[in-house]
Amino acid sequence: MNAQPVEPLESADVPEPTTHAGFESVADVIDQFTDQGYLADERLATTVFLQTHLDKPVLLEGPAGVGKTQLAKSLAAVTGRKLLRLQCYEGQDETTALYEWDYGRQLLYTQLMREKIGSLVADAPDLTSAVEAIATEESAFFSERFLAARPLLEAIRSEEPVVLLIDEVDRADEALEAVLLELLAEYQVSVPELGTFEAVHLPYVILTSNNSRDLSAALKRRCLHLFLDYPDAERELEIIRSKKTGLSDELARQLVDVVRGLRELDLRKAPSISETVDWARTLAVLGAEELSAETLAATANVVVKYDRDLKRTLEALPRLVDPNADPDLHQGHGHGHGHGHGDHSHGDHSHGDHSHGDHSHGDHSHGDHSHGDHSHQGGQDEPDGVAERRAKDQPGRHDEAYYGTGTMGPARSVSAGQGARAFASRRRPF
């Protein structure tokens, strides 16, 4: 049986990898992102639509936890692209962002080829000639074989389309911004030893910033810009619903109102959207049937991460849960005002003794807010305790041992003439 020759496949018959067809409209962006669990509003969807059609980087600024990083992840998922992430930090340089030479590998190759190098310079008459001979082979050690690509260069050299996330660019030094300018403007990276690498496929570039410092005008000029803030109550409620936290719709609505109230406080870190979702899941796991101040206080550490913020949160929760509640009832002090202020007798102010009577603190009655006996009686009706104290308040009643030094005794009388001379001697001339 003769074998039939196999005809080569035409190029049209070769299956091609599936690629994203792109976004047809802003509404299409919203729909496709919703399918991935990311609820984008019209402004954000418009920015993404323009990015994919204008091939422009996008700079997202706003507080932490509003969905900036998640946008890049969702864009990669929607378009089927690989996600490359550069996490920025203080003191970062180009070797961790662009590329670096693999010196360890170069040294290993040098050791392995020691004999070859020796034969290369064997006929060199002097050191200068030997250096020149080695220099002619320098390109072998500064080639792509020894080039360790970092996220920026990797995005340019990638054989498949990627989404490049440059996260928290405001944390990095301004020097890194200068490194980014070439990539953001031309989608290329220059390596002095090798030349310029141009993008095989233009990446979708997303930069995020938490506004810890101002970014340069040159960087902003190269990007589409969008400020992301916390969503309104209805959209945040929709986000919680989409995450299927298990919390009832009514309690989720109340929780959103509480979180929005916490964001208005002077907190070091306001609760993010993702933390709101975590709080909803926590309450659902605990089987909460109502949102009381006690329940929220017991789980507040899910959204509040600093001690000072936690104190302010615990103080505000009763008011946020029930604006009509009496604040004193939530403080746990229960001062009954029954301090018994006794006799505020103003009849006798002798010797500067503004006697306020007997401030008896014995009875902190929670039910009886009586303020004691405020009757302004005369001296003859004073309580016995006041009379006894006044009887003891006599000059010279203490002996020398009371003062401890032995030099202070009963008060001595001073004549008017002695006092005048003493003050005259201390008087300063004008």
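1. Residues V258, G261 and L262 of helix α12 meet T313, L317 and L320 of helix α15, where contact means heavy atoms within 4.5 Å. By class, this contact has four nonpolar, two polar and no charged residues; Ala, Val, Leu, Ile, Met, Phe, Trp, Tyr, Cys and Pro count as nonpolar, Asp, Glu, Lys and Arg as charged, and the others, Gly among them, as polar.

2. The model is predicted, so that local features need pLDDT of at least 70 and side-chain atom pairs count only at pLDDT 80 or more, whereas totals for chains, interfaces and linings use all residues. Residues are numbered from 1 along each chain as its sequence is written, and side-chain values use heavy atoms, with hydrogens and water left out.

3. The axes of α12 (residues 249–263) and α15 (residues 307–321) come within 10 Å and cross at roughly 135°, which makes α12 oblique to α15. Angles under 35 degrees count as roughly parallel, over 145 as roughly antiparallel, 65 to 115 as roughly perpendicular and the rest as oblique. The crossing of α12 and α15 is right-handed. Helices (H or I, at least four residues) and strands (E, at least two) are DSSP runs, numbered from the N terminus.

4. The count of aromatic pairs comes to two; rings of Phe, Tyr and Trp (its six-membered ring) pair if their centres lie within 6.5 Å, and planes under 30 degrees apart count as stacked, over 60 as edge-to-face and the rest as tilted. F23 and F33 form a tilted pair, at 6.3 Å centre to centre with 35° between the planes. This pair links distant parts of the chain, since F23 lies in the segment before α1 (26–35) and F33 in helix α1, 10 residues apart.

5. F33 and Y38 form an edge-to-face pair, at 5.9 Å centre to centre with 70° between the planes, and F23, F33 and Y38 form one aromatic cluster. F23 counts as buried at 4% relative accessibility, and F33 is buried with a relative accessible area of 0%; Y38 is buried too. Buried means under 20% relative accessible area, exposed over 50%, and partly exposed in between (1.4 Å probe, protein chains only).

6. D55, in the loop between α2 (42–54) and β1 (58–61), has a phi near 55°, a positive value in a residue other than glycine, and counts as partly exposed at 34% relative accessibility. N211, in the loop between β8 (204–209) and α10 (217–221), has a positive phi of about 65° although it is not a glycine, and counts as partly exposed at 36%.

Key. Axes fitted to C-alpha atoms, helices over the stretch in contact; angles between N-to-C directions. Left-handed = near helix turned anticlockwise from the far one by under 90°.
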